[in-house]
Amino acid sequence: MTIAVCYLSPEGIVLGADSTSSVPCGTGMHYFDFTQKVFEIGEGSTLALITWGLGGLGPVSYRTILARLGDDLAANKPISVAEVAQRFTDMFWAEYCAFDLTQRVIALSAKGPYDPAANPQNPVARTKLEEDEFTNLRTSLVVGFCIAGYLLPSRTPEAASITFDPLAPKPVPTLNKMEGSQWWGVPNIISRLIFGADANLKQAILSSGKWNGTQADLEDVVQQQQFSHATLPIRDAIDYVYSCIHCTIKAMKFSSMAQVCGGPIEIAVITTDRKFRWVRHKPWDAAITDGEYND
């Protein structure tokens, strides 16, 4: 999983993420705590990307796909962030559809659902084992990306988000030019902290039978509890992104939920007057030195 954050500021873009990635394996999901999820697109670039959800496509890494994208952008200059996002979508979609687990979940989806009450079982329906596999794969294979930056001569920060679902059609990037933050992966902690409630909590209230108002009434009540803020200077936007990720990691650590967020926090910034720069970036030996300490 992940907690990934993009903040658009009048001074530039801040991108941040934790380092825990989820990878399907024979017994379910396996988690690695030193995965890179923030990438510069190309070298000396004004474009960057963050990712959340599925941690990789087996033999084809996200790093490699982004290197190919960088090569393509260098050879064929784009004119907008929206174009970059679309070209990435086209490139990634081909690899995503060819991924063996994507093909597997599509094949399972074509079968009818498993019915525990059926006797005898439908020979063209999923078996109990296949149903469990299908339930796990249909959610664990979802992966998202946010491409952010600007392209000269424009210096206006923009971001485009794309979510790939194995059972959905090819996605269309969603462009955002508005100042403020977006977060993905495990957003409920920050939603509760900043907005007063997350989507799950609001739905639980609406379906409890104890709420007499409308959904709009509930949204109005929750909105009054929102922590709003003025336009942030870029260094404070960096602090905001770090705090969102840090709070999510700690909340997950002390919860009974799966530890799907963790590891070093990485943050990058692209300002309107400078290209991509790292704010926090783990060294190559981070996994080796994990747990080392001095008395």
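Tutor: Let's start with a rule: a disulfide is a pair of cysteine sulfur atoms within 2.5 Å. By this rule the count here is zero disulfides. Bear in mind that this is a predicted model, where local features need pLDDT of at least 70, side-chain atom pairs count only at pLDDT 80 or more, and totals for chains, interfaces and linings use all residues. Residues are numbered from 1 along each chain as its sequence is written, and side-chain values use heavy atoms, with hydrogens and water left out.

Student: What makes Cys-146 buried?

Tutor: Buried means under 20% relative accessible area, exposed means over 50%, and partly exposed is in between (1.4 Å probe, protein chains only). Cys-146 comes out at 0%, so it is buried. Cys-244, at 4%, counts as buried too.

Student: Is Lys-111 buried, exposed or partly exposed?

Tutor: Its value is 33%, so Lys-111 counts as partly exposed. You'll find Lys-111 in the loop between helix 3 (100-110) and helix 4 (128-140). Helices (H or I, at least four residues) and strands (E, at least two) are DSSP runs, numbered from the N terminus.

Student: What makes the pairing of Lys-111 with Glu-130 a polar contact?

Tutor: You need a pair of N or O atoms within 3.5 Å; within protein, one must be able to donate a hydrogen and the other to accept it, and residues adjacent in sequence count only if both atoms are side-chain atoms. The side chains of Lys-111 and Glu-130 make such a contact at 2.9 Å.

Student: Where is Thr-89, and what does its side chain reach?

Tutor: Thr-89 is in helix 2 (residues 81-98), and its side chain reaches the backbone oxygen of Ala-85 at 2.8 Å. Thr-89 counts as buried, because its relative accessibility is 0%. Contact means heavy atoms within 4.5 Å, and not counting residues up to four places away in sequence, Thr-89 touches Ile-162, Phe-164, Lys-170, Pro-171 and Pro-173.

Student: How do you know that Glu-266 is buried?

Tutor: Glu-266 has 2% relative accessibility, so it counts as buried. Glu-266 is in strand 11 (residues 266-271), and a polar atom of its side chain lies 2.9 Å from the backbone nitrogen of Lys-282.

Student: What makes a pocket a pocket?

Tutor: On a 1 Å grid over the protein atoms alone, a pocket is an open set of points with protein on both sides within 12 Å along at least five of seven lines, whereas a cavity is a set where a 1.4 Å probe fits but cannot get out. Lining residues have an atom within 4 Å of a point. The largest pocket has a volume of about 340 Å³. Of its 15 lining residues, the closest to its centre are Ser-45, Thr-46, Leu-47, Lys-77 and Leu-151.

Student: Which peptide bonds are cis?

Tutor: Among them are Asn-119 to Pro-120, with omega near 5°, and Leu-152 to Pro-153, with omega near 15°. Pro-153 lies in the loop between strand 7 (143-149) and strand 8 (158-164).

Definitions and conventions:
Grid points are joined across faces, edges and corners, and a volume is the space filled by probe spheres set on the points.
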